[in-house]
Amino acid sequence: MGLITGLFSFFYNLPKIYKWFLKPYYLLSFLLCIAFLAVRKCPGVCEHLPSQREDGNSCDFDWRELEIFMFLSAIVMMKNRRAITLEQHIGNIFLFSKVANVVLFFRVDLRFGLLYVTLCVVFLITCKPPIYMGPEYIKYFNDKTIDEELEKDSRVTWLVEFYANWSPECQCFAPVFADLSLRYNCPGLRFGKIDIGRYASVAEKYKVSPSPLSKQLPSLLMLHAGREHMRRPQVDKKGRAVSWSFTEENIIREFNLNEIFEKCKKLSKGRSEKIEELGSIPQEDDHLGEELESKKDK
C-alpha cells in the first residue's frame, strides 16, 4: 500500500520534480544516487569490476547487491511513512541511496569507496539545498526586533517558527508554514520566523534548543502579548522533543487556527462597519451647515 501511495504521489508531482532536477543541488544528488548503477552497467568499465555471480558476468548485479537494494527499498518505505512533504520523500530517497552507494562501492573496491565518499563530502560542502522562495505572509525577526513586535499590540496573536537554516526538517517545513500564512494571516493573527541558529540568545530566552540531538527544530510557538500559550513539539524532562508530525492538519487543529481566524474576521467586519458609520456623520453635519447658511441669507 505504501509503495502504491508513493507511486501515485510521484506521478502527481512529476512536473514539480522535473523543475527540481534543473537545480544543481537536486541534479547532483540524483547523479550521486545512481553512481553505482551507472558504473556497474557502463560498458568498458563494468568488465573490470569483480563479481560474485556464478556466470562471471560482471556487468550485472550479484545476489548480495540485490539484497542491499531490497534492504534500501524497505528502509526508504519505512522512513517515508512519516514524511510530510514531497521534499522529505525525495530527501529520504537521496540520503539512503547515497548510504547504499557507499556500501556497494567499498564492497567492490576500497579505492572506489574512498573516491565516492570524497565526492559526497565535496558535494555537502559546496552545494546547499535551495531555500524556499515562494509567496508568504511571514515577518522575519532578529534578536532586537522579536520582543518589540510580539509585545507591540496585545490584540495580535503570533504563531512563530523557531528554525535553523542548516536543519533539513526546517527546510522541508518552510513551504507548509508559508501556505498556512497565506491562508490564515489576518490583523489578529500574524506569522513570524526567527533563525535561532544565528540568534542563540533568543533560543535561550524562549527555551528552544538548536541542538540536533534535542530534535526541537522546527518549533512552533503561539504567543499573545509576548507570552507563550502553546508550543509544538512539546519537550520532556530530559529536554528532548516529544514526537509530533508537522502537517497542516495537525497545526490547524492543535493551534485552533480556524477558530482564531473566524474571530478575527468578525472583529474586522465590526470595525469596518463602525468606520463607515463614523464616516457618514461629517457628511450629515455639512449638509445641516449648508441649510443654516441658506436660511441666514434669506
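Is I34 buried, partly exposed or exposed? I34 is partly exposed, with a relative accessible area of 29%, where buried means under 20%, exposed over 50% and partly exposed in between (1.4 Å probe, protein chains only). The legends below concern a predicted model, in which local features need pLDDT of at least 70 and side-chain atom pairs count only at pLDDT 80 or more, while totals for chains, interfaces and linings use all residues. Residues are numbered from 1 along each chain as its sequence is written, and side-chain values use heavy atoms, with hydrogens and water left out.

**View 1. The loop that holds I34.** I34 lies in the loop between α3 (24-33) and α4 (35-41), helices being DSSP runs of H or I with at least four residues and strands runs of E with at least two, numbered from the N terminus. The C-alpha atoms of I34 and F94 are separated by 9.7 Å, although these residues are 60 apart along the chain.

View 2. Five strands form an open sheet in the order β1-β3-β2-β4-β5, with mixed pairing; two strands pair if DSSP finds at least two bridges between them. β1 (139-140) and β5 (227-232) stand at the edges with a single partner strand each, so one side of each is left without a neighbour in the sheet. Strand β2 (residues 157-163) runs antiparallel to β4 and is joined to it by 6 bridges, and the bridge partner of F162 in β4 is S219. β4 also pairs with β5 in the antiparallel sense, over 5 bridges, with L223 opposite E228 in β5. The hairpin of β4 and β5 has 2 residues between the strands, and in it A225 takes a positive phi near 55°. Of the 6 residues of β4, 5 are buried.

**View 3. The largest nonpolar core.** This core, a set of buried Ala, Val, Leu, Ile, Met, Phe, Trp, Tyr and Cys residues joined through side-chain atoms within 4.5 Å, has 21 residues, and those with the most contacts inside it are L159, I251 and L257. Two or more residues come from each of α9 (168-184), β3 (189-195), β4 (219-224), α11 (248-254) and α12 (257-297), and α9 gives the most, with 5 residues. Leaving aside neighbours within four places in sequence, L257 is in contact (heavy atoms within 4.5 Å) with L159, L180, Y184, L189, M222, I251 and I252. Apart from this core lies another, of 20 residues, among them W158, V160, V208 and L223.

View 4. The side chains of E65 and R40 meet in one of them (2.5 Å, N to O); E65 lies in helix α5 (residues 63-80) and R40 in helix α4, so the pair ties together parts that are 25 residues apart in sequence. E65 is buried at 0% relative accessibility, and R40 is buried with a relative accessible area of 1%. K152 and E149, by contrast, both lie in helix α8 (residues 146-152), 3 residues apart, with their closest N and O atoms 3.5 Å apart; K152 is exposed at 57%, whereas E149 counts as buried at 18%.

**View 5. Confidence along the chain.** The mean pLDDT, the predictor's confidence in each residue from 0 to 100, is 82 for the protein, and 81% of its residues reach 70 or more. Over residues 280-293 pLDDT stays under 50, and the model has 0 contacts beyond four places in sequence for them. Where pLDDT is low, the predicted coordinates should not be read in detail.

Key:
Salt bridge = Lys/Arg side-chain N within 4 Å of Asp/Glu carboxyl O.
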